[in-house]
Structure formats: C-alpha cells, structure tokens
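Try each task yourself before you read its solution.

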Amino acid sequence: MIIPNAVYRRELSGGTLTVTPTGGQHSLDALFDIAERRNPKRAFLFVSKVLGRHIPIAPSVMRSAYRQLALQIPADLPEPVLFVGLAETAVGLGAGVYDEALSHYKNSVYLTSTRHPVAGDLLCEFKENHSHATDHLLYHPADPVLRALVQDAKSLVLIDDEATTGNTFINLLKALRADAGLSQLERVVTVTLTDWSGNAIEANCPLPVTPVSLVQGDWHWEKRPDAPVPVMPAVNVTATGSVAITGKQSWGRLGMAIPARDLGKAITAAAGDKVLVLGSGEFVWEPLLLAERLEKSGADVKFSCTTRSPISTGYAIQSAIAFTDNYGLGIPNFVYNVAHQRFDRILLCVETPADSVDPALLDALKKVANTVEVVVYEGESV
C-alpha cells in the first residue's frame, strides 16, 4: 500500500529536493526530515525520525522500526545467514534488525563495518563513495564458530539507514565475494528505512535480491546554479587513534551471536525521570539496550548518538554541539538536536576510557541536564 501523501518537497539553500513516494506503509513526514550536509558530494541529508542518531527519540520507537523491517525479511533464506550493518549510522539499526530476526534464523551472525581498526583478521574493505567517510573495514569474527558461519554464509542481509543509488551495497557484495571468498552466497536481502534506489540494486547484483524498507520513492535534486560549495571538515579518516578502545567487542565489530546486554547493569532510573542516553560513534547497540531497560522501568527516555557526520544547523537540525572525538583521531564530532532541550540526566556511553571524552562536550551537556555521567564499557584493550 502506498501512503497517499503529496510529493515531498524541501527548499534548501543549495537547491530543491523533491521526493515522490512509490510504496510503503508510512508517510514520508513520519519517517524523516531534511537537513543540509556540509559535504560537496551531496548537499542534502535525509534525517531519520526513527533511527536515533541525529534526532533523540524513544527506544521503543526504534524497536518498532526494527520489528517492522525484520518481519519483511523472507522466511526461507538458506542458512547460515550473515547480517551486516554499515558504520556508523546503521550499526545500531543493523543490530536491532538482527535481534528481531534472531528467533527465526538461529544459524546466523551479525557483523558491522567499522572505521576504527582493531586487533583482528580483516575480512574485506569497501567504499561508500558519497559519504563524508568513504572507507569501511569488515573483520572476521573473533569466535571460531561465528567465523565459520561467516565463511559458509549462504544468505546475506545488508543493512543501512537508506539506499539512494545502491552502490554501497554493491561495493560490499563485490568485496565479500571477490576478496573475502564468500563463494557460497545464494541470496541477498537489502534492509533500509528508506529506499530511493528504484531497481538499481537488483539490476546490478549478480545474485537474487529482496529489498526490504519502510518506504520507497524517487528523489530529484535540483541544484541552485549559484549555490556555494559546502566545505566539509576533515572527518574522512579510517585509522587507529591515540586512545585505545577498551570496551568489549561483543556487539558486532568482531561478530555477535547474542547481545550481551551488560552495559551499565547497576544503573537505574526513577519513573518519570527525563533521561537522554547517548551512544558514541559506532558504539551504539549496548547503549541502546541500556536505554530500553530504563524506558521499561518507567523513565522518560530518549536515545541519540554522537557522530562524525557534518551537518549544517537549520531545517531538521535545531542545534549542534561540536567537539573532538574520543578515539584520539583529532577529528570533529557532533551531537545534534540536544543543546536546545532539557533533561534531568544524560548518560554518555563510550568504549574508550572516561578521560578520553572532550571536556567541551561534557560542558555543553551540563548546560542542558542536571547530571551528566560517562558510562564506560569495560573489557580488554584492543
């Protein structure tokens, strides 16, 4: 069923974006808003209202999206099934879809791509050409059982927040088959919140593809002739920083079978407390599970994440906090749509030591919350 809302059109400073819905169960306005990228490759950004990355939202809203997507995944996929979530934006989305599909596909494993090299065996590399950070790494799981599932995978479920051209999915599939040697793959499922790619993925994929999304449509960007070219901060970095990742690699970067659900186990919240849980960069899934637990206890919880994605304020972005990353890369990071709000408590969750957090971020968060706590994921240094 196509939701019969009118053509979606937004006038931005650099041009006009028009989106025409072609399918799905949701109105376009319910799923996203538009912002301007600080990126010369693409001047606009679809800002999801259900992702929990750029707009703080209730964990239950995110979980509902995971469930709706997982229910669309075909029930007859040959196993083992490899689920892959793309960094950084879809790391949590991918884990959530995997979590919802896990009861059906027992013989499966979840991996995330990363821009943070870790101690492990590299499976493959691939490019996201239009991104602010183009290079992705994908590692073999650390666990030999999960590693075997990846190598023997017959079905591949690729998860990102959106598909515009489908090129990133195709690039990843080529790398997995040609470089990683996943020669037994028979079927591919692409999972996105919004799919603007038309039949591009099916047309360019050598294997049978099932596209899954909440809404589908076509977009057209009409650039303003005199529009200035955006200047992008230096965030296109895939490297090891000067700060060690000390958190456990239990949530996807080195493979995940079952969520650990062990971040902040001693943390509680009273009913009605207005709490913001912030994931950081790619460290999203365990923080979200913490947020879900607090929400179920009766607290008024919102979830969002820090990001390296450079976006201009205005339109969908009402406020921005800029600071330096916690991995010692020396690159700018951002928190969007938080600085103009008020919370009783903010829980900032990191996979690096507490003193790696930029004081500028903590100072900014203290202006909008009575209490700011850094929650560190404990584990072995990698």
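**Exercise 1.** Which residue classes make up the lining of the largest pocket?

*Solution.* Step 1: the lining has eight nonpolar, four polar and six charged residues. Here Ala, Val, Leu, Ile, Met, Phe, Trp, Tyr, Cys and Pro count as nonpolar, Asp, Glu, Lys and Arg as charged, and the others, Gly among them, as polar. Step 2: of the 18 lining residues, G14, A43, P228, V229 and P230 lie nearest the pocket's centre. A pocket is an open set of points on a 1 Å grid, probed at 1.4 Å, with protein on both sides within 12 Å along at least five of seven lines; lining residues have an atom within 4 Å of a point.

This is a predicted model, where local features need pLDDT of at least 70, side-chain atom pairs count only at pLDDT 80 or more, and totals for chains, interfaces and linings use all residues. Residues are numbered from 1 along each chain as its sequence is written, and side-chain values use heavy atoms, without hydrogens and water.

**Exercise 2.** Find how many residues of helix α7 are buried.

*Solution.* Step 1: α7, a DSSP run (H or I, at least four residues), covers residues 285–296. Step 2: nine of its 12 residues are buried, meaning under 20% relative accessible area with a 1.4 Å probe, protein chains only. Among them are W285, P287 and L294. Step 3: the buried residues of α7 pack against α2, α3, β13, β14 and β17.

Conventions. Helices (H or I, at least four residues) and strands (E, at least two) are DSSP runs, numbered from the N terminus. The expected span of a helix is 1.5 Å times one less than its number of residues. Buried means under 20% relative accessible area, exposed over 50%, partly exposed in between (1.4 Å probe, protein chains only). Contact means heavy atoms within 4.5 Å.
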